Amino acid sequence: MIAADPTLIGPSVNWFALSPLLVLLGAALVLLVVGALAPRWPRHLYALFAAATGLATMILCFFLWHDISAHGITTLVGGTLRFDDFSLFVTITISASIVLVAFVTDDYLRREDLEGPEVYALYLLAAIGGVVMGSANDLIVLFLGLEILSISMYVMAASHRKRIESQEAGIKYFILGGFSSAFFLYGIALVYGTAGSTNFTEIVSSFNTTVPAVRHDAFILAGVGMLLVGLGFKVAAVPFHFWAPDVYEGAPTPVTSFMASVGKVAAFAAMLRVLLFALPHWRDDYRPIIWVLAVLTVVVGSVMAVVQTNVKRMLAFSSISHAGFILIGVEAAAHRAGQPEGGDGASSALLYVLLYSVLVIGTFSVVAMVGRTGDSATDLASFRGLAKSHPLIASAMTVLLLAQAGVPLTSGFVAKFGVIQAAVEEHSYAIAIIAMVASVIAAFLYLRIMVSMWVSEPEAGDDAREAVRVPLWTGIALSLSVGFTLFVGFFPGWLIDAAKAATVTRPTRP
Amino acid sequence: MISFPILTMLVLVPTAGSILVAVFSNRRPEFVKLTALLTSVLTGGLSVWVLVAFDKANADFQFVTKHIWIKPWGISWHLGVDGISLFLVVLTGVIFPIVIAGTDPHHDTKRYLSWMLLLEAGLMGSFLSLDLFLFFVFFEIVLVPMYFLIAGWGYEGRVYAATKFFLFTMVGSAFMLVGIIATAFLAKGNGPLTFDLIELAKADFAASTGRWLFFAFAVAFAVKVPIFPLHTWLPDAHTQAPTGGSVILAGVMLKLGTYGLLRFGVFLFPEAARWSRSLWLTLGVIGIIYGAIAATMQKDLKRLVAYSSVAHLGFIVLGIFAMTSQSITGGVMQNINHGVSTGALFLLVGMIYERRHTRQISELKGLQKVAPIFAGVFMVVMLSSIGVPGLNGFVGEYLVLIGSFLTARWWAVVAASGVILAALYLLWAYQRVFHGEPDEANKDFGELKLREAAVMLPLLGVIVFTGLYPKPMLDRIEPSVKKLIEHVSEKTSYTDPQPVGVAP
C-alpha cells in the first residue's frame, strides 16, 4: 500500500467560485460536441438548453453573492480573476441576457431555416469571454476574455448564411475588431513595460512607489491611451463607432441584440476594471478623454439616429448614444478612482448596462418579428400598421421605446437618472445637461417609430406584405423584458442597492 | 390614526380606470365609455370632497401622505395640497368628466379614453407632489398620453404638432432634471440625500448657485406656460389637438408651468426669483401684448383661442413675479379662471367644428341668427375670457394688475392695455362669426344640443359664481400665498408692500 505523500499538495482551487464559468463552458462544449455528433435535437431544445444554462449560471451567482457577503472577496486562479460582487453583477447581467436572447433566437432560426446548435454554442462561449472580462484581475486574462468574446461575435454576425449583408457585417466587424484588439494589446505591452506586471494588484502596488518618477512618462501615457482606444472600439464610443451601424444592420437580429447587450456589458465591465482597478493613478489623465468621448458619443449617436430610415440602424445609433450615457457614469467613477469611497459612478454605469440590456433585447425581439422571413423588412415603413394588426406587440414596443427615451416609471429613466445623478454628484454639470438635451434629440427617433406603428395611414401594398407572426418564445422574451422594464420603473430600490453593493470595497477573505 | 389616503386615491382611481378601459373588450364601446365617465366622475367627486374638507384657516399642506418609495435615493411618495394647488386639483377633477362626456374621439374610443384617464392621473400627481423627483415623474409622464392624444386623434398636421410639443417640453425637462438633482446634492451637505420639497426649501444656496438652479427649473416651466419666446409649440399643438386634448391642454396642462414656477421656482429659490424678476415681468408683458396682437391676426378660430392663452398666461407670470400677496393670489385665481373659460371656449369651437367641419373665421357667418342659445353661451364665455366685471376672468386679472402696480408699476400699466386688446380680438371674432346674415353654408347650423348644454352648464355656473362671489376661493388661496411671501421675506430682504385697500 502506498502512503499518500504529504508534500504533494495540488493548488487549492475554489471550484465553487469558478462554477459559473464552468457551467457555461460545459454547456458550450455539450452543444458543440453533441450537436455535431448526435442527430438533430427536437424543436426548441437547443434554445432551451442555452436558456437553462443561463438560468443556472444566474442562480449560482445568487448563491455566490451570498457567499461573498458572508466571507469577503478573494482572487482566483493565481490572482488572475477577481471574485467579487462586481464580477457577479456582470455575470448575472450576461446570463440574464443569454436567457432572453436564446428565446428570441429559437423562433428566428426556425423562420429563417437555419436551425442548429452553433449559434447557441457561440452565445455561451461569448458569455464566457464576457464573464472573464468582468472578473479579470490581469490585463492578459482580460485580453483573453476580450478575444473569446470578439471572435465568437464575428462568427455570429456572419451566421446568417443566406444573407450577403450578414457576411459583410462579419467581415467588417472582424477587420475593425482585430484592429482594435491590436491597439489594446499594444497598450498592455506599454503598461507592462512601465509597471513590470500585467496583474492589476501588482500594477497598482508598483505605481504606488514609482508614480512620482513615471508620472509624465510617455510610455505609460501612450499605454493608457491605447487601452482606451481598444475599449472605445468595443463599447462603440464615438469616434470609434463606425463599425456599429453596419454590423448591427447586417447581423441577424437576435445576434444584434446579443451584441448590444452582452457585448456592451462586457466591454463596459472591462473598461471599469482597467480604469478603476489597474490604473487609478492616471485618473486625472484619462478622465478628460472620457469626458470628450462621452459627450461626442451621446451627441453624435442621437443626431445620427434621427436621420436614419432603417430601424436597425436607428437602434444601432441609439445604442451608441446609450453608450455615451454609460460613459458619463464611467466619467463620474473616474473622479474617485482608487478611493475607498467610490461614489455612485461605477454603480450607476453597471445599473445602466443591466437595464439597457433587457430593454434592447426586448426592442430587437420586436424588430426580429417585424423583419419577416429573410430578416430584411427593417425599414421604418415595415412597422406601419403594427398597432392595427398586433396591438399588444405595438404596445410592448411602445413601452420599450419610451423606456429608451428615458420616460419616468420605466427602467430607462432609472438608468438615466442614476448616471446623471452620479455626474452631478461630481459637479460635472455640463456633461449632464449636454446628455439630457441629446436624449431629447434621441427621443425624436423613438417617436418616429411610434408614429409609424400607431398613426401612419396604411398605404397601397401593405396588405400584400407577409403578415407579422408572433412566435411563443419570442413573445415570452418580449413580455419578460417589458415586465422587467415596468417593474424596475416602479420599484427600482432593490436594484440600485444591488448595483451599489457591487461596487463597494469589501474586506478581503482571510 | 390611519386616515383615508384621499390624495393617493386621486391619482390611483384614474390610473385604475385607465387600465380597466385599456383591457376591456372593444365590442362594447358604450360600456367602455361609461366606465371612463364613472371613473372621472368619481375622481371629480373625490376632488370636491378635498375642497369641502379643506381647512381654510390652515396655510400648510393638508391631507399629507408620505411613504418611502426609492430608499437609496431618498425619494418618497409625498403628496399634499395647499391653497395654491387646491383649486387646480378641483379644476382637474371637474374638467375631465366634462371632456369625457362632451367630446367624441370618432375612432378608437377605447384607447382615447384610456389615455385621457392616464393623463388625469398624471396631472393630479403633478399638482399634489411634494417631492421633486415625484413631481418630475408626473410632469414627464403627462407628455406621453398627451402626445398620443394629439398624434392619434388630432387634425391634418397632428404628427408634426405632437412631436413639436413633446420635444419642446422635454428640452425644458432636461434642464429641470439636472436642476433637481443638483439641488438635492447641494442642499444635502452631510445629511442624507432627499428630494423632499419642504426639506429642500430650508436650504440656503449661495446666490450664484441658486440662480443657476432657478434657471434650470424656470426653463422647463417657461416652455410649459409658455412664456414668450418659448411659446411656438403651443399654437400648433392647440390647433391640431382634438377638442378634448385642447381643453385639457389649455385648461389644466399649461397651469403646470405657472404652478411649477410658484411652487418650485419661487419657493425654493426666492433670491434668484427676486433677482431675475425684471426679466420675467418683461417676458410676461411681452406675452400679453404679443399674444393679443397675434390672436387678432388669426384666421383660424382655434388658433385665435390658442394665442389668447399666451396672453392670459402672461398675466399670471406678471402676477407671480410682481410678488405681492395680491398679485400672486390674482395669478393663482387666473390659473383657474383661464382654465375654465379657455376650456369652455375650446369646447365651443369644437362644437362649431363638429357642425361645419371648418374653423376658418371667414367661412362662418351669422350664426347668431340660426343658433341664438349657442351664441349666447359663446358670448358669456367670451366675455369671461375678456375679463368683464361680474364674470370670473375679471377677478384674477384685476387682482394681478393692482397687485403688480405696487412693485412693478410700468409693467402693470403696459399689461393693462392687454385687457383692451383682448376685447378687440375676441369681440371682433365674435362679430365676424355670429353677426350678419347667415349664408348658404351656415344656414343649417344646429342649435345647442342637450348634451352640449349639460356639459357647458357647470362651466357657466363657475364663471358666473366666481365672478359674483369670489370670496370663498380667495379665502382658501390667500393664506398659502401669504405664507409663501413670508418664506420669501425670510430668505431675502424683501417685504410685501401694504396691499391697496380694496376688498374684492
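**Contacts, a hairpin and an interface**

Leaving out residues up to four places away in sequence, B:S40 touches B:G93, B:F96, B:P97, B:I100, B:L117 and B:E120. The model is predicted.

User: Why is B:S40 called buried?
Analyst: Its relative accessibility is 0%, and the label applies under 20%, so B:S40 counts as buried. As for its place in the fold, B:S40 sits in helix α2 of chain B, residues 29-53.

User: And what makes A:Y192 partly exposed?
Analyst: Here the value is 46% relative accessibility. Buried needs under 20% and exposed needs over 50%, so A:Y192 lands in between and counts as partly exposed. A:Y192 belongs to helix α6 of chain A, residues 164-195.

User: Which residues does A:Y192 touch, not counting those up to four places away in sequence?
Analyst: A:S197 and A:T198. Also, A:G223 is 31 residues from A:Y192 in sequence, with the two C-alpha atoms 8.8 Å apart.

User: How do you know that β1 and β2 of chain B pair?
Analyst: Pairing takes at least two bridges, and β1(B), residues 62-70, and β2(B), residues 75-81, have six, in the antiparallel sense. So the two strands count as paired. B:T65, for instance, has B:L79 in β2(B) as its bridge partner.

User: What is there between the strands of that hairpin?
Analyst: Four residues, and B:G74 in the hairpin takes a positive phi near 65°.

User: On to the interface. How many residues of chain B are in contact with chain A?
Analyst: 31 residues of chain B, and they meet 36 residues of chain A. The buried area is about 3,200 Å², with carbon and sulfur atoms giving 84% of it. B:P72, B:W73 and B:V178 supply 19% of what chain B buries against chain A, more than any other three residues.

User: Which elements of chain B give two or more residues to that side?
Analyst: β1, α5 (132-141), α6 (143-153) and α7 (158-188) of chain B. The largest share, 15 residues, comes from α7(B).

User: What classes of residue make up the side of chain B that touches chain A?
Analyst: There are 27 nonpolar residues, one polar and three charged.

Key:
Residues numbered from 1 in each chain as written. Chains lettered and ligands numbered in written order. Predicted model: local features only at pLDDT ≥ 70, side-chain atom pairs only at ≥ 80, totals over all residues. Heavy atoms only, no water. Contact = heavy atoms within 4.5 Å. Buried area = accessible area lost by both parts, 1.4 Å probe. Nonpolar A, V, L, I, M, F, W, Y, C, P; charged D, E, K, R; others polar. Buried < 20%, exposed > 50% of the residue type's maximum accessible area, 1.4 Å probe, protein only.
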